[in-house]
Amino acid sequence: MTATLPDLDDDLAALAEARTKARQAREAFGMFEGATQADLDRIVAAMGAAASDASAELARLAVDETGYGVYEDKILKNRYNADFVAQSMVGLRTKGVLWVDEPGRMTAIGSPMGVIAAIIPVTNPTSTVIFKCLAALKAGNTVVHAPHPRAAKVCLRTAQVMADAAVAAGAPPGVISCLERASIAATTELMRHPDVALVLATGGAGMVRAAYRSGKPTLAVGAGNVPVYVHRSVPDLGEAAEMIITSKAFDNGTACVAEQSVVLDEAIADAAMTAFTDRGVVFLQAGQQQRLAELIFDERGGLRPETVGQSAVELARRIGASVPAGTRVLAAVLTEVGRGQPLSAEILGPVLSFYRAPSVQGAIARCREILDFGGAGHTLGIHASDESVITQLSQLPASRMPVNTPSLFGGMGYSTSIGPSFMLGTGTWSGSATSDNVSPLHLINIKRIAYEVRPWRGLYESGRQAR
């Protein structure tokens, strides 16, 4: 008689899936390792085209499954990665000879890392999967995605779109996969698996900490409590207001690089408040601010998941505030930063806090407070034409400082020359290994073939001379 094994419970099945997919990705890497730079470029181009074609489908699935964000904006996020980021990778060398230093007699050789464990957030599931697939395979790696449980289905679908395109373009099966039984335990198992070479983590603070505890090399991003300073030398106050509002309202505020707090130069503060009001911002009264804080944050100061990615009108409805139908952002005028003012923290929704600063030094101090309260190392927006002011602001601990452009579009490298990316490093200010916008060059090892350029015995000779 043949014995039958009992069905695995969900937790054990999830752990088994994580182990199996890590092992299969390592086997696929063994077959993929011989790919040339031309092969990688062809595969990336095919994946980008497929993701672009599926952008609307994936956006609809993301909104329906997670309940977060705006369908039309999620299409743009998908296409930003599928089209713009993919195009930015054209011509980028990641494998074989990267550069040659002829005077120094040294040649740099790119080599892939292996299997990448990609942690995917619920706020931007499809766009993040698209980006991490493109970056991983452009670097010659294979990738296993670990989605947030509330975005498991759409992440699986996105990964399948990318995998089908990669295989059709010549990649071996298994170069891209996704955990179907998404859970914290399965993600942890994947990150710690012996076959995983690198963890690429985007998510909440808890998941980022878990990634660093995995014992594997890790690239992870920190929180994005982003201040933006509007100085009296702003080129166009109305345009600055429009840029900030558009950035924060985009996809109902689910992008961590969007502005969170607006610091206004006292000299133009009244005019600025009018400009924001005229463009769809509603400033809440004190009691409404208190109710909004209680709605968004729990007793421990954490974001309540059910309020993430909701529209300004919906958030207003939930606190019993009457606002015009076209309201784009809710605003709170604050005088302090910290736990005593919950609305001064990062909010993944269309909510801005406003401060007035009597001087540039006062604005710098306020922006530092905001960055220190959950945004260290991320982004600082600047609206000014006075170069001395911009220079003074550069002392602050932010990895990217977009000037006179929306922080969202500038920080991710669309409207500025910052490297196009959907994973933004925050540097050692927040415990991140990089302050760069992550690119395929962060996902390779670089070998250096170096010939002797000075006699090695010279070290001994210089030592004797010193004595």
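Colleague: I would like to begin with charged pairs: how many salt bridges does the structure hold?

Modeller: The structure holds 19 salt bridges, a salt bridge being a side-chain nitrogen of Lys or Arg within 4 Å of a carboxyl oxygen of Asp or Glu. As this is a predicted model, local features need a pLDDT of at least 70 and side-chain atom pairs count only at pLDDT 80 or more, whereas totals for chains, interfaces and linings use all residues. Residues are numbered from 1 along each chain as its sequence is written, and side-chain values use heavy atoms, with hydrogens and water left out.

Colleague: Which residue forms a salt bridge with Lys 138, and is Lys 138 buried or exposed?

Modeller: The partner is Asp 41, with the closest N and O atoms 2.4 Å apart. Since Lys 138 lies in helix α5 (residues 125-138) and Asp 41 in helix α2 (residues 37-53), the pair ties together parts that are 97 residues apart in sequence. Lys 138 is buried, at 1% relative accessibility, whereas Asp 41 is partly exposed at 28%. For another case, take Arg 328 and Glu 242, whose closest N and O atoms are 3.1 Å apart in their salt bridge. This pair links distant parts of the chain, 86 residues apart, with Arg 328 in the loop between α12 (312-318) and β11 (329-333) and Glu 242 in helix α9 (residues 237-249). Arg 328 is partly exposed at 25%, and Glu 242 is partly exposed at 26%. Salt bridges also join into a network, which links Glu 17, Lys 21 and Glu 180.

Colleague: Turning to aromatic rings, how many aromatic pairs does a search of the whole structure find?

Modeller: A pair of aromatic rings is described by the distance of the centres and the angle of the planes. The search finds eight aromatic pairs; rings of Phe, Tyr and Trp (its six-membered ring) pair if their centres lie within 6.5 Å, and planes under 30 degrees apart count as stacked, over 60 as edge-to-face and the rest as tilted. Tyr 80 and Tyr 414 are edge-to-face, because their ring centres are 6.4 Å apart and their planes stand at 70°. With Tyr 80 in helix α4 (residues 71-88) and Tyr 414 in the loop between α15 (407-411) and β16 (444-450), the pair ties together parts that are 334 residues apart in sequence. Tyr 80 is buried, at 7% relative accessibility. Phe 276 and Phe 354 are likewise an edge-to-face pair, 4.9 Å centre to centre with 85° between the planes. Phe 276 lies in helix α10 (residues 269-278) and Phe 354 in strand β12 (residues 351-357), so parts 78 residues apart in sequence are tied together. Phe 276 is buried at 2%, and Phe 354 is buried at 1%. One aromatic cluster is formed by Tyr 80, Phe 84, Tyr 414 and Phe 422.

Colleague: Which residues touch the most other members of the largest nonpolar core?

Modeller: In soluble globular proteins, nonpolar side chains tend to be buried together. The largest nonpolar core has 67 residues, of which Met 47, Leu 137 and Ile 176 touch the most other members; such a core is a set of buried Ala, Val, Leu, Ile, Met, Phe, Trp, Tyr and Cys residues joined through side-chain atoms within 4.5 Å. Leaving aside neighbours within four places in sequence, Met 47 is in contact (heavy atoms within 4.5 Å) with Cys 133, Leu 134, Leu 137, Met 162, Ala 165, Ala 166 and Ile 176. A second, separate core of 39 residues includes Val 263, Val 323, Leu 343 and Ile 390.

Conventions. Buried means under 20% relative accessible area, exposed over 50%, partly exposed in between (1.4 Å probe, protein chains only). Helices (H or I, at least four residues) and strands (E, at least two) are DSSP runs, numbered from the N terminus.
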